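Here is a short tour for someone meeting this structure for the first time. Have a look at it, then read on.

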There are 2 protein chains.
Amino acid sequence: MTLLVSGWVALDEIETPVSRVEESLGGSATCAALAATHFTDVRLLAAVGEDFPTAERIKMEGRGIDLKGLRTIEGGQTSRWGARYSSDMNTRDTLYTHLGVNAAWNPTLPKTWENSSTAFMAAGEPATQIALLEALTSPRATMVDTIQIYINTARQDVIAAMQQADFVSVNETEARQLTGKAGIAKAGQALLETGMHAAIIKLGEYGAVYASRDDYFVAPGYPLKNVVDPTGAGDTFAGAFLGYLDTVEINPAEVRRAMIYGSTIASFAVEGFGPSRLLDLTHDEVEQRFKEFHLLTSFKEVK
Amino acid sequence: MTLLVSGWVALDEIETPVSRVEESLGGSATCAALAATHFTDVRLLAAVGEDFPTAERIKMEGRGIDLKGLRTIEGGQTSRWGARYSSDMNTRDTLYTHLGVNAAWNPTLPKTWENSSTAFMAAGEPATQIALLEALTSPRATMVDTIQIYINTARQDVIAAMQQADFVSVNETEARQLTGKAGIAKAGQALLETGMHAAIIKLGEYGAVYASRDDYFVAPGYPLKNVVDPTGAGDTFAGAFLGYLDTVEINPAEVRRAMIYGSTIASFAVEGFGPSRLLDLTHDEVEQRFKEFHLLTSFKEVK
């Protein structure tokens, strides 16, 4: 069982009210891949420049990620992204996005990776997401994510990519942009009516909602007392969700458990800059917090 | 067992993107009292003017509310409030607030009501809330609510009233104004550190959170497909919460169930204008939706 993760590896500059980092390991694919390593084997399909530090590569290899798909583009620069969070961490300004090698790179799936059992397409050109999904021989579960720029510039292609996947992952703003519907349940329903199979709407501090034709599940927001950096929490959620699903029979009960594992890993991730907290997270910590999630919402149905 | 509800009875003008009403039964105490009637006996302490329609009085009596504390002020006008919701129902503009009789009325507790077993102080002058709480001989559970204007004008008094109650009910904005803390869990913790015993933070579509020294519980947001009017949902939640608690032994498990009953009744309330949906709501509908809430968040802890 192996999860394929396609997306961006980047070096981030992040400023929060209390701290800041530079040249810090980041990117959608990095976060998802590191999250998934807590459950399954992971293959990373991404591009970096010659400037990508060996130390960061070693960190990922240290978590067992297969980096045969991490292409170093000759003469290229690794993507860089800078952002500053507001004093309450609820909003952020993007200071810059230097596409670097991702401006022109068009990933194709190595032949030997076509047998990946699950796949996460982090935000990217929807045509590329579709091509990669189609190259998989018999995936058990696939997920497509996106960001606002693709909804604005390639709306129909984003929807086509999402229709092709078993799960779509969006935040509340994206759900609304895609459907024109305000309200979580209405937006979720509208995504399904657009032809998507199952939608995960990530709600940040408020948790996450899963909507399919057969199920509607609410994962609670974990009581976060110390948010260091929320960057990448959504990709972390997605990676853990699919990483867990990669290891079990896929049915509604396991999808609900995957939602909680996604929430669990994401709740750890925001305790550090970028995905750094995922590097030393232990199995016991994960299982302990999974149990805490159970306590957060449980109540006696019958008196 | 009887719940005392103190607050405003009003006549509302509400405009939503699809409909509008005028001279519609509303007010914090009305919503809380009608919600609570689904669980226990209710005493309403409020003031109206001579213009208050007999038909509205009959509606409340029809739900069994004891109106001996509903004072008609001679020559007075019933409070009136007008508001217009935005196209997505997420924000609203208050068009006017005519205080009417509530500008000068200072409620005192009838002697025969001092034995009320539970009490809800809907938003009002905090000094009045404190006086009423102190007049109760042996309440089992009390709750204080507020609105922004009292936090802005009488912050310390609001805090003093809230310290006196067993539960406080605030929305996210109020929690933040009271504590200066962004983040639900941090604001909840800060409320407790301010000397409050237990805080309910109402999150609208995202559900509600309960925080005490011993417990942290997340009630999920019900998948609302048809929100007609969110006005008064918070007071409805509070009334149902206390109304249920009035009927059971008060312990952490029952408080969690009360959170779900509050959410259940509030999820019905928003299906109609003001508290109108609460008038014909049946016991079976309530119990059915309570069970749905259980399904929304349940997942298998052990594989």
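Met89(B) counts as buried, with 20 C-beta neighbours inside 10 Å. (Buried means 20 or more other C-beta atoms within 10 Å of a residue's own, exposed means 12 or fewer, and partly exposed is in between; C-beta atoms are placed from the backbone.) Met89(B) is not a glycine, yet has a positive phi of about 65°. You'll find Met89(B) in the loop between β6 (79-85) and β7 (92-98) of chain B. Helices (H or I, at least four residues) and strands (E, at least two) are DSSP runs, numbered from the N terminus.

Glu23(A) also has a positive phi, of about 50°, without being a glycine. Glu23(A) sits in strand β3 (residues 20-26) of chain A and is partly exposed, with 13 other C-beta atoms within 10 Å. Most residues other than glycine have a negative phi.

## Where this comes from

This is a predicted model: local features need pLDDT of at least 70, side-chain atom pairs count only at pLDDT 80 or more, and totals for chains, interfaces and linings use all residues. Residues are numbered from 1 along each chain as its sequence is written, while chains are lettered from A and ligands numbered from 1 in the order in which they are written.

## The sheet in chain A

Chain A has an open sheet of nine strands with mixed pairing, in the order β5-β4-β1-β8-β9-β10-β11-β12-β13. (Two strands pair if DSSP finds at least two bridges between them.) At the edges are β5 (70-73) and β13 (216-219) of chain A, each pairing on one side only. Strands β10 (residues 167-171) and β11 (residues 198-202) of chain A run parallel and are joined by four bridges. Val170(A) has Ile201(A) in β11(A) as its bridge partner.

## Inside the core

Which residues have the most contacts inside the largest nonpolar core? They are Val5(A), Val168(A), Val5(B) and Val168(B), in a core of 191 residues. (A nonpolar core is a set of buried Ala, Val, Leu, Ile, Met, Phe, Trp, Tyr and Cys residues joined through C-beta atoms within 7 Å.)

Leaving aside neighbours within four places in sequence, the contacts of Val168(A) include Met143(A), Leu191(A) and Ile200(A). Two residues are in contact if their C-beta atoms, placed from the backbone, lie within 7 Å.
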